[in-house]
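User: I have a structure open and would like to go through some of its features with you. Could you take my questions one at a time?

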Amino acid sequence: MAGRGGVIRKVVGGNVTKVWDGFVPQECKPNRKIIRFNAAQKWEEAHEPINYGIDCLASCGLGPGMAFANEILEKDANFGVIGLVPCARGGTGLYKWRRGSQPYDELVKRAKFAEKDRGTIRGLLWYHGESDVKGGNGYKDYKINLEKFIHDLRSDLNSPNLPILQVVLPYPKKPFKGPYIEEVRAAQLGINMSNVIKIDAKGLEIGPDGIHLTTAAQVQLGHMFAHAFLNLNNFTSSNTYSFFKFFPSNIFS
């Protein structure tokens, strides 16, 4: 996912543009054990916004990556160095993540380059679907196409059991219009593949644009990712990691 936490509308030179507010919560602060594979395919100390230069510049906001990595190190001090390899492309329907498409091929390319420095790919954090709930035909074959994406990616990375931590979209609110949210959610919840952990974002706080998560919600999602990752052996393909189970009292109500 291309993090949009903290992205606000701002008038610059008489024009309305989207910029990041620059706020970094404590849970997302840099840590010397967390590095990022940048747009120049070089490792550097990770910092928000993680996806900067990959897909966005001024409008690139905060995502769940740093909260995810920091939470893992908080729970397991001996985990070692965590390398984040951002590959998100905002506004892309699932059809743009087919083998042979630019976003997909770039994902595979970046993952393989990152492995050259003796790294090991431990999993994929996948948050997708906003474009497909708006219209078009993407929602119709969403489940089939998502299963194919996972199969192809595992094959191309020579990692048949690669853990996929897949977010089930939260319900949007006005002004965003997502008439096919039920169809896409059903497709995401219906995925039944080994080592695919479904994380239901229903209940996480949505920002003023009606679809992207707020900064606070991105932190919560990062923690959900981390706990799911650390408990992979306790999940089955039919399990769904729910916000309401993880946080029994809705902190946003």
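User: Where is Asn158 located?

Analyst: In this predicted model, Asn158 lies in the loop between H4 and E7.

User: Is Asn158 buried or exposed?

Analyst: Asn158 counts as exposed, because its relative accessibility is 69% and the cut-off for exposed is over 50%.

User: What about the phi of Asn158?

Analyst: The phi of Asn158 is positive, about 55 degrees, although Asn158 is not a glycine. Most residues other than glycine have a negative phi.

User: Which phi does Gln41 have?

Analyst: Gln41 is not a glycine, yet it has a positive phi of about 60 degrees. Gln41 is found in the loop between strand E3 (34-37) and E4. With a relative accessible area of 24%, Gln41 is partly exposed.

User: Now the peptide bonds. What is the one from Glu48 to Pro49 like, cis or trans?

Analyst: The bond from Glu48 to Pro49 is cis, and its omega is near -5 degrees. Pro49 is in the loop between E4 and H1. As a general rule, most peptide bonds are trans.

User: And the bond from Lys174 to Pro175, cis or trans?

Analyst: The bond from Lys174 to Pro175 is cis, with omega near 10 degrees. Pro175 is placed in the loop between E7 and H5.

User: Let us turn to His128. Buried or exposed?

Analyst: His128 counts as buried, because its relative accessibility is 5% and buried means under 20%. His128 is in the loop between strand E6 (124-126) and helix H3 (130-134).

User: What does His128 touch?

Analyst: Leaving aside residues up to four places away in sequence, His128 touches Thr92, Gly93, Leu94, Trp97, Tyr142, Leu169 and Gln188. With Tyr142 there is also a polar contact of 2.8 Å that joins the two side chains.

User: Gln188 is in that list. Which residues of helix H5 are buried?

Analyst: In helix H5 (residues 181-189), the buried residues are Ile181, Val184, Arg185, Ala187 and Gln188. Seen down the axis of H5, they fall within an arc of 160 degrees, so they line one face of the helix.

User: Why can residues three or four places apart point the same way?

Analyst: An α-helix has 3.6 residues a turn, so residues three or four places apart point the same way.

User: What do the buried residues of H5 pack against?

Analyst: They pack against H3, helix H4 (142-156), strand E7 (164-168) and strand E8 (196-200).

User: What does the side chain of Asp200 make a polar contact with?

Analyst: The side chain of Asp200 makes a polar contact of 2.9 Å with the side chain of Arg185. Asp200 lies in strand E8. The Asp200 side chain also reaches the backbone nitrogen of Lys202 at 3.0 Å. Asp200 is buried, with a relative accessible area of 11%.

User: New topic: how do H2 and H4 pack?

Analyst: Helix H2 (residues 102-115) and H4 pack at an angle of about 35 degrees, and their axes are 11 Å apart. The crossing of H2 and H4 is right-handed.

User: Which residues meet there?

Analyst: From H2, Tyr104, Leu107, Val108 and Lys112 meet Phe149, Asp152, Leu153 and Asp156 in H4.

User: Last one: how many residues of H6 are buried?

Analyst: H6 is mostly covered, with 14 of its 16 residues buried. At 1.5 Å a residue, helix H6 (residues 215-230) should span 22 Å, and its end C-alpha atoms are 23 Å apart, which agrees.

Notes. Residues are numbered from 1 along each chain as its sequence is written. This is a predicted model: local features need pLDDT of at least 70, side-chain atom pairs count only at pLDDT 80 or more; totals for chains, interfaces and linings use all residues. Side-chain values use heavy atoms; hydrogens and water are left out. Helices (H or I, at least four residues) and strands (E, at least two) are DSSP runs, numbered from the N terminus. Buried means under 20% relative accessible area, exposed over 50%, partly exposed in between (1.4 Å probe, protein chains only). A polar contact is a pair of N or O atoms within 3.5 Å; within protein, one must be able to donate a hydrogen and the other to accept it, and residues adjacent in sequence count only if both atoms are side-chain atoms. Contact means heavy atoms within 4.5 Å. The arc is that of the directions from the helix axis to the C-beta atoms. The expected span of a helix is 1.5 Å times one less than its number of residues. Axes are lines fitted to C-alpha atoms, for helices over the stretch in contact, and angles run from 0 to 180 degrees between N-to-C directions. A crossing is left-handed if the near helix is turned anticlockwise from the far one by less than a right angle, and right-handed if clockwise.
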